[in-house]
Amino acid sequence: MSTPSASYFSRRATVRNFKPEAPSRELLRDLMEQAMRAPTTGNMQLYSAIVTTDSQKLDTLRGAHFRQPASMAPVLVTICADVRRFERWCELSQAEPAFRNLQGLMAAILDASLFAQQLTTVAEMNGLGTCWLGTTTYNAPEIAEMLHLPSGVVPIGTLAIGYPGAQPEQCERLPLEAVVYDEEYPDHSDREILELFKAKDEFPANAKFVTENGKQTLAQVFTDIRYPKSTSDPFSKKFHDFLLAQGFEL
């Protein structure tokens with residue numbers, strides 16, 4: 001495996017169109033082992049990853065992701081915040097764990113997220129394409145049932161993996177000045193906020209979204225079409241109730 005250059009990361013793009021053939025189990029195992037070297041809170045590794053390649057199980061899992069195009073990848077890796085395994089080790093070692101709280105949940109979510117990002121990077125370095133499915137938390141109870149996730153284990157995201165079926169186009173990104181600040185957080189003026197989002201507003205694909213959805217601004221596409229209050233509130237309550245059911249005190 002060659003070391004990627006900085007330009008490699010500047011060119012990366014999300015893949016949503018995959019070839020049907022899956023990467024080998026040997027390659028997937030190797031990628032997982034590399035991803036496990038990611039940073040983790042207190043070296044506790046409060047995460048788990050469920051790899052789905054079986055066609056019938058994939059079909060069921062895709063339904064929980066609304067059968068979006070990227071979910072048709074030949075491999076879906078459900079990445080979970082997992083305090084259960086560490087808790088059980090503590091209990092078997094005459095130690096009393098205290099991870100079913102907000103701090104424990106956040107530590108597990110961060111561990112899982114770091115693992116997911118490292119898996120994304122090493123997969124793409126090996127010629128694979130990936131797409132992060134943020135719909136996992138929308139149907140967390142159903143996914144947990146499909147994957148037999150016990151108390152203390154929460155699915156937080158799914159990484160679709162496979163060989164790219166087509167070269168994806170890059171989407172836009174905010175300018176560096178919008179997200180990286182020196183020394184302290186600046187309180188941007190209204191004019192500065194609009195200027196920081198100008199490239200996003202004017203990106204051709206985004207302008208097309210605005211027209212197709214009959215909206216006046218790109219922000220309205222996000223608030224009225226993609227993530228409206230009418231769906232985000234019910235999904236938020238559903239996920240909150242699931243966290244409680246999984247034993248977390250929030």
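How do the residues of the lining of the second largest pocket divide into nonpolar, polar and charged? They divide into six nonpolar, three polar and three charged. Keep in mind as you explore that this is a predicted model.

**The largest pocket**

- Let's start with the largest pocket, which holds about 1,300 Å³ of space.
- Its lining is made of 35 residues, and the closest to the pocket's centre are Thr14, Arg16, Cys131, Cys171 and Arg173.
- Several elements each supply at least two residues of this lining: helix H1 (6-11), helix H5 (102-125), strand E3 (129-133), helix H10 (204-212) and helix H11 (218-226).
- By residue type, the lining of the largest pocket divides into 17 nonpolar, 11 polar and seven charged.

**The second largest pocket**

- About 260 Å³ of space lies in the second largest pocket.
- You can find its lining by looking for Tyr8, Arg11, Arg12, Ala13, Val15, Glu124, Leu128, Gly129, Thr130, Pro164, Gln167 and Pro168.
- H1 and E3 are the elements that give two or more residues to the lining of this second pocket.
- H1 and E3 also each supply at least two residues to the lining of the largest pocket.

**The cavity**

- A probe the size of a water molecule, rolled over the atoms, shows where empty space is left.
- Searching the whole structure turns up one cavity of 30 Å³ or more.
- The largest cavity has a volume of about 30 Å³.
- Around the largest cavity you will meet Ala35, Met36, Ala38, Pro39, Thr40, Gln45, Tyr47, Asp111 and Phe115.
- This lining divides into six nonpolar residues, two polar and one charged.

**The sheet and its helix**

- Four strands make up an open sheet, in the order E1-E2-E4-E3, and their pairing is antiparallel.
- At the edges are strand E1 (47-52) and E3, each of which pairs on one side only.
- On average, neighbouring strands of this sheet are turned by 25° against each other, direction ignored.
- E1 and strand E2 (residues 75-82) run antiparallel and are joined by six bridges.
- To look at a bridge, pick Val51, whose bridge partner in E2 is Val77.
- Helix H5 packs on the sheet and touches E1, E2, E3 and strand E4 (153-162).
- The direction of H5 makes about 155° with that of E2.

**A stacked pair of rings**

- To describe a pair of aromatic rings, we use the distance of the centres and the angle of the planes.
- The whole structure contains eight aromatic pairs.
- Why is the pair of Tyr47 and Phe115 described as stacked? The ring centres of Tyr47 and Phe115 are 4.7 Å apart and the planes are at 25°, so the pair counts as stacked, the cut-off being under 30 degrees.
- This pair links distant parts of the chain, with Tyr47 in strand E1 and Phe115 in helix H5, 68 residues apart.
- Tyr47 and Phe115 are also among the residues that line the largest cavity.

Technical notes
Residues are numbered from 1 along each chain as its sequence is written. This is a predicted model: local features need pLDDT of at least 70, side-chain atom pairs count only at pLDDT 80 or more; totals for chains, interfaces and linings use all residues. Side-chain values use heavy atoms; hydrogens and water are left out. On a 1 Å grid over the protein atoms alone, a cavity is a set of points where a 1.4 Å probe fits but cannot get out, and a pocket is an open set with protein on both sides within 12 Å along at least five of seven lines; lining residues have an atom within 4 Å of a point. Grid points are joined across faces, edges and corners, and a volume is the space filled by probe spheres set on the points. Ala, Val, Leu, Ile, Met, Phe, Trp, Tyr, Cys and Pro count as nonpolar, Asp, Glu, Lys and Arg as charged, and the others, Gly among them, as polar. Two strands pair if DSSP finds at least two bridges between them. Axes are lines fitted to C-alpha atoms, for helices over the stretch in contact, and angles run from 0 to 180 degrees between N-to-C directions. Contact means heavy atoms within 4.5 Å. Rings of Phe, Tyr and Trp (its six-membered ring) pair if their centres lie within 6.5 Å; planes under 30 degrees apart count as stacked, over 60 as edge-to-face and the rest as tilted.
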